[in-house]
Amino acid sequence: MSQSYNRGLIEDFGRWREFSAGMWAWIFHKFTGWVLVGYLFTHIAVLSTAIPASSQDAAVLAANEDIYTTTIVALESLLVVRILEVGLLAVAVFHILNGLRLLFVDLGIGLESQDKSFYASLILTGAITVASVPTFIAGAF
Amino acid sequence: MSTQPPQQEHEESPADSVDETESTPPAQQRREDAKADKRGRDAQRQAEDDAAAKRDEPTRHIKVFRYDPEIEGKQEPRFDDFHVPFTKGMTVLDALIYARDEYDPSLTFRHSCRQAVCGSDAFFVNGEQRLGCQTQLSDLNEPVRIEPLPHQEVVKDLVVDMDHFYEEMEAVDPYFDPDETPDGELAEQRQSRANREKIKMSTRCIWCGACFSSCNIAAGDNQYLGPAALNKAYRFAMDEREGEAKTQDRLETIEQEHGVWRCQTQFSCTNVCPKDIPLTEHIQELKREAVKKNLKFW
Ligand code: HEM
Ligand code: SF4
Ligand code: FES
């Protein structure tokens with residue numbers, strides 16, 4: 001079969017337009033899962049700035065000028081960070097909702113409506129994300 | 001002739017061919033001539049049908065994947081266009097048969113039963129694995145793109161190499177294997193109604209390979225048993241007439257590294273199975289059985 005022709009993209013993501021609900025759910029779940037892992041490490045890095053802050057003067061702490069507070073305040077004053085936070089919420093909400101869907105799939109419950117539950121996860125994620133925008137963006141401008 | 005509707009044209013064709021046989025040169029004439037003649041007629045027919053298509057007569061446009069490593073000029077894959085006269089109830093397979101018989105006898109594809117029983121004509125039609133004989137042309141958008149199954153090696157045109165799929169099927173012992181048989185030589189091995197109902201859908205597999213081709217895990221892991229083989233394993237593991245030992249055996253086969261745990265519940269197989277077998281459901285149930293077998297808290 002060494003002569004056989006390799007159809008390349010025909011067999012891979014070149015077909016993305018033809019993916020069905022379950023396939024998209026899988027791709028989004030992988031993607032959001034790894035984004036969350038990435039966030040976890042960034043989060044730990046930011047939190048670690050609290051370690052030197054703990055040994056700073058009481059006066060500095062009281063004035064909110066310790067390294068931890070200044071880092072957080074600096075980050076939160078950036079518009080990109082606010083937008084990224086909305087994105088993080090979207091990613092987390094989708095991962096949780098679709099994660100619940102996958103748990104039902106693992107239990108063999110409602111497999112006939114697996115596509116509908118995926119669409120429901122998407123719509124709910126969208127709604128929650130939109131509703132969160134005022135909270136996240138408040139005071140960023 | 002070109003002014004007549006395709007249906008009549010089709011009915012007339014036997015008469016045409018009689019004429020042509022009469023005008024064919026004597027038998028000693030080289031076969032090449034006959035072939036060239038046939039090619040000429042094919043081209044003419046194709047041209048007529050193309051013209052019919054332009055005049056809005058009922059034809060359907062199919063685009064068929066062509067590839068043949070042994071023929072120069074076909075080593076680079078391409079799509080061929082055919083305009084096939086449409087008749088009510090026409091399937092993708094009917095269209096291919098028409099294109100082969102009337103336009104291009106080298107067009108190669110497998111088919112046999114034409115009624116979704118033999119499993120030999122699974123193709124990739126408009127981006128989905130389907131049986132040619134079970135898919136109505138009227139349900140598809142034009143042009144209808146017909147390709148060989150993805151993730152299998154193409155031998156020629158729409159023919160793919162099924163060996164790997166069959167190997168995975170064989171790997172799960174796809175046959176009934178009870179520990180003990182009834183005493184009487186001709187005694188039946190009865191099954192309860194409920195048990196029959198449980199495995200009913202899983203018995204319907206026709207080994208077409210559509211599910212295997214649709215599964216992107218099977219594409220990435222050459223050793224993954226795949227949906228059809230796992231469904232086979234389910235069919236026998238759930239059959240109460242097989243003994244405890246054999247059932248345990250089967251569970252060991254499906255819980256190995258390239259077994260059920262590779263399944264990521266993408267539902268691609270379930271979506272394409274022409275026999276509507278709930279493949280993902282069966283694989284998930286096997287996963288739970290495998291867990292129950294290994295975790296014994298009770
Ligand atoms: C309530 C919260 C969560 C739920 C319900 C949940 C649920 C799940 C489930 C069920 C899976 C398995 C997917 C499968 O069967 O293929 C999964 C995968 C995954 N989760 Fe979560 N998860 C949650 C939170 C998180 C968090 C906070 C992280 C990151 C720190 C995370 C990272 C991942 C990753 C990377 C995967 C992919 C694993 C793979 O490669 O398949 N998840 N999640
Ligand atoms: S399970 Fe369905 S799709 Fe897979 S080989 Fe059997 S009949 Fe074909
Ligand atoms: S020709 Fe037998 S299944 Fe289609």
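Guide: Let's start with B:Lys293, which counts as buried because its relative accessibility is 17%; buried means under 20% relative accessible area, exposed means over 50%, and partly exposed is in between (1.4 Å probe, protein chains only). Before going on: this is a predicted model, where local features need pLDDT of at least 70 and side-chain atom pairs count only at pLDDT 80 or more, while totals for chains, interfaces and linings use all residues. Residues are numbered from 1 along each chain as its sequence is written, chains are lettered from A and ligands numbered from 1 in the order in which they are written, and side-chain values use heavy atoms, with hydrogens and water left out.

Back to our lysine. Side chains of opposite charge can pair when their charged atoms come close. B:Lys293 has such a partner in B:Glu252: the two form a salt bridge, with 3.8 Å between the closest N and O atoms. The term stands for a side-chain nitrogen of Lys or Arg within 4 Å of a carboxyl oxygen of Asp or Glu. This pair ties together distant parts of the chain, since B:Lys293 sits in helix H11 (residues 279-294) of chain B and B:Glu252 in helix H9 (residues 244-254) of chain B, 41 residues apart. Helices (H or I, at least four residues) and strands (E, at least two) are DSSP runs, numbered from the N terminus.

Within it, B:Arg66 forms a salt bridge with B:Asp157, their closest N and O atoms lying 3.2 Å apart. That pair also links distant parts of the chain: B:Arg66 belongs to strand S1 (residues 59-66) of chain B, and B:Asp157 to the loop between strand S6 (154-156) and strand S7 (159-160) of chain B, 91 residues apart. Both B:Arg66 and B:Asp157 are buried.

One more pair to find in chain B: B:Asp239 and B:Arg235 form a salt bridge, with the closest N and O atoms 3.1 Å apart, and both residues are buried. Over all chains, a search of the whole structure turns up 23 salt bridges.
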